[in-house]
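Biologist: Could you take me through this structure slowly, setting each value against the rule that gives it a name?

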Amino acid sequence: MQEIQIAAGCKTRIIRRQFSSLAMTYTFDAAPVIQNSHLAGTVEIKGSNWIFPKPVQRVPLQPSNVVTAGVWDTFFSIYVFPEVDVVISLPSKSFGGLLWVIGLVVVVVAVAVSLFLLT
């Protein structure tokens, strides 16, 4: 798990993607640094502006946040602008889906090569 500490009043980009057309859901948690203080702030979502421009979306910062990037969001960023010092927890990046695709490609190529060698 990756943790990012953000001071109150500092707008910070926590997620950035470029040149990707896969629909994805991003999740992250937010907690105030000082326990028992009230979590407050804004999450700013910037989608792509080059094909189908999208306005910047602002939503309240929550303890658990879910943001979705669509297929047209080739360039996509998520910013957090907290009103109190916060710690943002991002899940570790997983390449499980990518490994499945690579494995499938290897199997298909192996089958094709073996069929080619048999003929």
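Predicted model: local features only at pLDDT ≥ 70, side-chain atom pairs only at ≥ 80, totals over all residues.

Biologist: What makes strand 4 and strand 7 a pair?

Modeller: The reasoning follows the rule of at least two bridges, since strand 4 and strand 7 pair in the antiparallel sense over six bridges. In one of these contacts between strands, Gly41 has Pro82 in strand 7 as its bridge partner.

Biologist: Which strands form the open sheet, and in what order?

Modeller: Four strands form that open sheet, in the order 1-8-3-6, and the pairing is antiparallel. Strand 1 and strand 6 stand at the edges because each has a single partner strand, so that one side of each is left without a neighbour in the sheet. From one strand to the next, the twist averages 25°.

Biologist: How do you know that strand 8 pairs with strand 1 and with strand 3?

Modeller: At least two bridges are needed for a pair; strand 1 (residues 2–6) is joined to strand 8 by five bridges, the two running antiparallel, and strand 3 pairs with strand 8 over four bridges, also in the antiparallel sense. Within strand 8, Ile88 has Ile4 opposite, while Val86 has Pro32 opposite.

Biologist: Why is strand 8 called mostly covered?

Modeller: A residue counts as buried under 20% relative accessible area, and five of the five residues in strand 8 (residues 86–90) are buried. Val86, Ile88 and Leu90 point one way from the strand and Val87 and Ser89 the other way, and all are buried. In a regular strand the side chains alternate between the two faces of the sheet.

Biologist: What makes the pair of Phe19 and Phe75 edge-to-face?

Modeller: Ring centres must lie within 6.5 Å for a pair, and planes over 60 degrees apart count as edge-to-face; the centres of these two rings are 4.9 Å apart and their planes are at 70°, so the pair of Phe19 and Phe75 is edge-to-face. The pair links distant parts of the chain, 56 residues apart, with Phe19 in the loop between strand 2 and strand 3 and Phe75 in the loop between strand 6 and strand 7.

Biologist: Why is the pair of Tyr26 and Phe76 called stacked?

Modeller: Planes under 30 degrees apart count as stacked, and the rings of Tyr26 and Phe76 have 15° between their planes, with 5.9 Å from centre to centre. This pair also links distant parts of the chain, with Tyr26 in strand 3 and Phe76 in strand 7, 50 residues apart. Tyr26 has a relative accessible area of 13% and is therefore buried, and Phe76, at 2% relative accessibility, counts as buried too.

Biologist: How do you know that the charged end of Lys11 sits over the ring of Tyr79?

Modeller: The distance rule asks for the charge within 6 Å of the ring centre, along with a rule on direction, and the charged end of Lys11 sits over the ring of Tyr79 at 5.0 Å from its centre.

Biologist: Which residues have the most contacts inside the largest nonpolar core?

Modeller: That core has 19 residues, and those with the most contacts inside it are Ile14, Phe28, Leu61, Ile78 and Ile88. Strand 1, strand 2, strand 3, strand 4, strand 6, strand 7 and strand 8 each supply at least two of its residues. Leaving aside neighbours within four places in sequence, Ile14 is in contact with residues including Ile4, Phe28, Ile78 and Ile88.

Notes
Residues numbered from 1 in each chain as written. Heavy atoms only, no water. Phe/Tyr/Trp six-rings, centres within 6.5 Å; stacked < 30°, edge-to-face > 60°. Buried < 20%, exposed > 50% of the residue type's maximum accessible area, 1.4 Å probe, protein only. Lys NZ or Arg CZ within 6 Å of the ring centre and 35° of its normal. Axes fitted to C-alpha atoms, helices over the stretch in contact; angles between N-to-C directions. Core = buried A, V, L, I, M, F, W, Y, C linked by side-chain atoms within 4.5 Å. Contact = heavy atoms within 4.5 Å.
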